[in-house]
Amino acid sequence: MSRQAQAQAGQWRRLPMIENPKLRWGLVVGLATYLLLALASVEVNWARVAEGASRGLNFLAAFTRPDFVSRQGDITAGILESLTMTLTSTVIGVALSIPVGLGAARNIAPWPIYYACRGIITVSRTFQEIIIAILFVVMFGFGPLAGMITLAFATIGFMAKLLAEDIEDLDWRQVEAIRATGANWWQTMNHAVQPQVMPRLIGLSMYRLDINFRESAVIGIVGAGGIGATLNTSISRYEYDTSAAILLIIIAIVLLCEYSSSHIRRWTQ
Amino acid sequence: MPLVTTPQGTPTWRLRTTRTQWLQYLGWLAGACLFLLCWKAISDNTMWVFVEDAGRQGSDLISRMLPPQWAYAYRLWKPMWDTLNIATLGTLLGIAMAFPVAFLAARNTTPHPLVRSAALMIIVSSRSINSLIWAMLLVTILGPGVLAGIIAIALRSIGFIGKLLYEAIEEIHPTPVEAISATGAGRLQVMSYGVLPQIMPAFAGISVYRWDINIRESTVLGLVGAGGIGLQLNAAINSLAWSQVSVIFVMIFVTVLASEWISARVRHAII
């Protein structure tokens, strides 16, 4: 029966998401098998979970009475260090991502440079900041410098990828127009490419500033400076009221960042 | 576009007025000062002796990592499976929690503005806190293991999926919704037949995208004890077995590239 006739007989059914029934049922069966296997392999120590439940309640209760005061010195120093790392790493990372992004754009870079820059981007995007931080801590010693270099490296991968995609979609007629005036490579970049990608570059930099701050809160766990070390200590000492205070400060700063970056983006576009 | 008249009386074009030009210089100066101040703070907290031999340390590290101890790889299949499970089950749990939150947070489907701000608050807190911090907390509460990792990934995913999904819900076309309500459908029927079909492609795309990010994040959760390949990584680093660390890095690299490829293919097929 056609769908029309079925509908007239009062037996209308909505269209399935995936047209091909074999693929649809295959996916369902595959997913169900995977879920069974996965859930079977998850080992849970229920006794330990039950024991920790009261601690979980303690943690939730800590949010109603966060303790900003008793570890005030550590918190202030950690937050300031996180903020300085965020700012410097974003500036350095964005500055370095511009040449990498130009090199990774298929329409303006020759192929050896293209592959080299794509390689840098892939490596930097694949590994989490914290893994890179471990290596840089070994190389540069403990402290905010290792953290700053880590965040700058991660920023390069993120910014250069999005910048390269933006350059690949730019309006080529403007580039031709500038070239037709006899402009050399630098002048073409400066007057045809740069004005087209600038609003997005500023928007992305603001977004990355926000991400770098959030990341700077964790790389302290492996000794790369910032608020992470303080947070880690407070959690492992079960001082949940201090942890709650730090988390609330992080949330507040991220909110502030988002609010101001939406303003800046509106102003540049 | 200001015109400036030269002493000879010929008008010349300039991009900016003198005032905006000066303001721009001042802005750059303030930015540079702030940057230098931050740099100073960092450099005061740095042991420059260690930095000076960073090159030697780096080449030493690479020489210890090479050649990778490939025989170690066979012990990594179970942790890798755990990592995939943390990412996938965490994403599924995150989706299950993010779905209602997104409907409560979208302006056109929320029951009440107060509920909306509460839902937005959930989304913001979940987004601001890295999954590694969630994992640290959950390890102290639930004990180390895969379960803490799954819940950490789920809690972090709520914010991401919730935010993108509620934006997609706010952008739906109102006509199908009106058509369904005109037939006398109830609130849930309107959701199911008017709203849901419109957001389904966006929803599937967002979920697959988040799954790909979660694979990447779940590789490190073990550093704080939340299961997966990160546990092996932590153990190898602590015992300075750098030739094992390089095997783990290669495995992470391949897994992340594969998941990125799958997610890109799926998103391409959906959209």
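1. Let's start where the two chains meet. In this predicted model, 47 residues of chain B are in contact with 47 residues of chain A; two residues are in contact if their C-beta atoms, placed from the backbone, lie within 7 Å. On the chain B side, helix H6 (residues 131-142) of chain B makes the largest contribution, seven residues. (Helices are DSSP runs of H or I with at least four residues, numbered from the N terminus.) The residues on that side of chain B comprise 32 nonpolar, 13 polar and two charged. Here Ala, Val, Leu, Ile, Met, Phe, Trp, Tyr, Cys and Pro count as nonpolar, Asp, Glu, Lys and Arg as charged, and the others, Gly among them, as polar.

2. A word on reading the model. Residues are numbered from 1 along each chain as its sequence is written, while chains are lettered from A and ligands numbered from 1 in the order in which they are written. Local features need pLDDT of at least 70, side-chain atom pairs count only at pLDDT 80 or more, and totals for chains, interfaces and linings use all residues.

3. How confident is the predictor? pLDDT is its confidence in each residue, from 0 to 100. Chain A averages 85, with 99% of the residues scoring at least 70; chain B has a mean of 86, and 97% of its residues reach 70 or more. The model as a whole has ipTM 0.81 and pTM 0.83.

4. Now look closely at H6(B). Its twelve residues should span 16 Å at 1.5 Å a residue, and the end C-alpha atoms are 15 Å apart, which agrees; the expected span is 1.5 Å times one less than the number of residues. Twelve of the twelve residues are buried, so H6(B) is largely enclosed by the rest of the structure. (Buried means that 20 or more other C-beta atoms lie within 10 Å of a residue's own, exposed means 12 or fewer, and partly exposed is in between; C-beta atoms are placed from the backbone.) The cover over H6(B) includes helices H3 (46-62), H6 (129-140) and H10 (228-236) of chain A, together with H7 (146-170) and H9 (187-218) of chain B. After H6(B) comes Gly143(B), with a positive phi near 90°.

5. The largest nonpolar core has 122 residues. Such a core is a set of buried Ala, Val, Leu, Ile, Met, Phe, Trp, Tyr and Cys residues joined through C-beta atoms within 7 Å. Those with the most contacts inside it include Ala133(A) and Leu132(B). Helix H7 (residues 144-168) of chain A gives the most to this core, 16 residues. Beyond its neighbours within four places in sequence, Ala133(A) is in contact with residues including Ala146(A), Thr150(A) and Val222(A).

6. Glu43(A) lies in the loop between helix H2 (21-41) and H3 of chain A, and it counts as exposed with 10 C-beta neighbours inside 10 Å. Leaving aside neighbours within four places in sequence, Glu43(A) is in contact with Gly145(B) and Val146(B). Asp212(B), in helix H9 of chain B, counts as buried with 21 C-beta neighbours inside 10 Å. Asp212(B) and Trp261(B) are 49 residues apart in sequence and 9.0 Å apart in space, C-alpha to C-alpha.

How values were computed
Helices (H or I, at least four residues) and strands (E, at least two) are DSSP runs, numbered from the N terminus. pLDDT is the predictor's confidence in each residue, from 0 to 100.
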